[in-house]
Amino acid sequence: MSESLVVLCPGQGAQAVGMGARWRESSPAAREVFDRADRVVGARFDRPLSELCAAGPEALLNRTDVAQPAIYTAGVACFRGLFGDAPPAISFAAGLSLGEYTALHLAGAFGFEEGLELVLLRGRAMQEAAEASPSGMVALIGADESQAMQVCERAAQGEVLCAANFNAPGQIVLSGTLAACDRAVQAAAELSLRATKLAVAGAFHSPLMAPAAERLAGALASAQVRLPGIPVVSNVTARPHENDAGSIRRLLVRQLTEPVLWSQSCGWLAGQGAASFHELAPGKVLAGLMRRIDRGVRVISHDEPE
């Protein structure tokens with residue numbers, strides 16, 4: 001593969017029953033990753049994480065506290081299955097929301113088990129924050145940033161409603177209270193925009209995730225975070241993390257309550273001249289988003305072994 005290689009790591013929403021199963025079956029290196037994950041997760045769920053990924057049930061796999069460690073594990077297993085113990089030189093890594101943890105692990109910021117423990121806590125904290133404050137998310141199709149802000153201004157009415165994900169041009173996701181999300185759908189229609197409420201546990205990447213951010217900050221404060229061996233793009237800044245462990249910790253905490261700048265991140269990556277973009281399992285969501293961000297960039301997805 002080209003030396004100018006970019007690795008993209010999926011986030012929550014990419015999960016699906018069967019994720020990583022083919023990698024686990026075909027690659028001893030990928031199987032070892034799942035085995036290590038099963039030992040860390042233990043009996044926290046009603047069955048091993050590897051079984052949940054392979055066979056579901058879907059309702060359990062879709063829970064925030066389960067989906068996040070499952071996606072992290074599947075992504076790392078895919079990477080090890082692709083490259084084994086001799087990965088090629090990587091120019092940049094980036095991950096959508098949760099995927100930033102996968103990218104940071106692959107860059108050497110923390111070990112697999114340490115990253116998995118952080119992801120387990122992150123998913124559980126986000127799930128509990130969502131349950132404590134009924135809220136949701138709304139996808140706006142065809143909206144630019146100014147139109148998204150206009151929807152928020154019309155629909156918030158004193159409640160939380162904000163832009164949470166800039167996924168691609170014309171695809172912005174809002175987060176807020178349930179009532180504000182309902183009003184956002186109506187406000188979008190008045191502006192001739194399409195809006196769809198998403199099946200998520202709560203208002204991720206909004207101020208309503210502050211309790212989860214506080215818990216994550218405590219866990220990160222005691223976690224060993226090393227300087228990444230390759231540049232990893234931050235969701236918060238759309239630029240690579242600084243060579244400062246404290247800054248990495250702070251940005252990972254801010255990521256829970258601030259917008260994910262994925263479109264801006266990929267636009268920056270596309271301008272760096274890298275020749276080869278590779279999306280790890282599960283799914284092909286990031287390749288689809290990149291087609292909307294920059295059609296000149298081709299992303300190779302590795303949802304399953306070739």
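1. Gln255 is placed in the loop between α11 (245–254) and α12 (262–270); helices here are DSSP runs of H or I of at least four residues, strands are E runs of at least two, and both are numbered from the N terminus. The model is predicted, and local features need pLDDT of at least 70, side-chain atom pairs count only at pLDDT 80 or more, while totals for chains, interfaces and linings use all residues. Residues are numbered from 1 along each chain as its sequence is written, and side-chain values use heavy atoms, with hydrogens and water left out.

2. Is Gln255 buried or exposed? Gln255 is buried, at a relative accessible area of 0%; buried denotes under 20% relative accessible area, exposed over 50%, and partly exposed the range in between (1.4 Å probe, protein chains only). Beyond its neighbours within four places in sequence, Gln255 is in contact with Ser97, Glu100, Arg122, His205, Asn235 and Val236, contact meaning heavy atoms within 4.5 Å. The C-alpha atoms of Gln255 and Ala164 are separated by 9.8 Å, the two residues being 91 apart along the chain.

3. Glu100, one of the contacts of Gln255, is also among the buried residues of α6. Helix α6 (residues 99–106) is mostly covered, with 8 of its 8 residues buried: Gly99, Glu100, Tyr101, Thr102, Ala103, Leu104, His105 and Leu106. Gly108, which follows α6, has a positive phi near 90°.

4. Thr64 belongs to helix α5 (residues 64–83). Setting aside neighbours within four places in sequence, the contacts of Thr64 are Gln12, Pro69, Gly123, Met126, Gln127, Ala201 and Phe204.

5. An open sheet is formed by 5 strands in the order β7-β2-β1-β8-β9, with parallel pairing; two strands pair if DSSP finds at least two bridges between them. The edge strands, each pairing on one side only, are β7 (232–233) and β9 (299–301). Strands of a sheet pair through backbone hydrogen bonds, either parallel or antiparallel.

6. Strand β1 (residues 5–9) is joined to β2 (residues 92–95) by 4 bridges, and the two run parallel; Leu8 stands opposite Ala94 in β2. Towards β7, β2 has 2 bridges, again with the strands running parallel, and Ala93 stands opposite Val232 in β7.

7. Along its principal axes the C-alpha trace spans about 55 × 45 × 35 Å.

8. Buried residues account for 56% of the 306 residues. Of the contacts with a separation of 6 or more, 75% are between residues 24 or more positions apart. The accessible surface is about 12200 Å², and carbon and sulfur atoms contribute 49% of that surface; accessible areas come from the Shrake-Rupley method with a 1.4 Å probe, and for residues only the protein chains shown count as cover.
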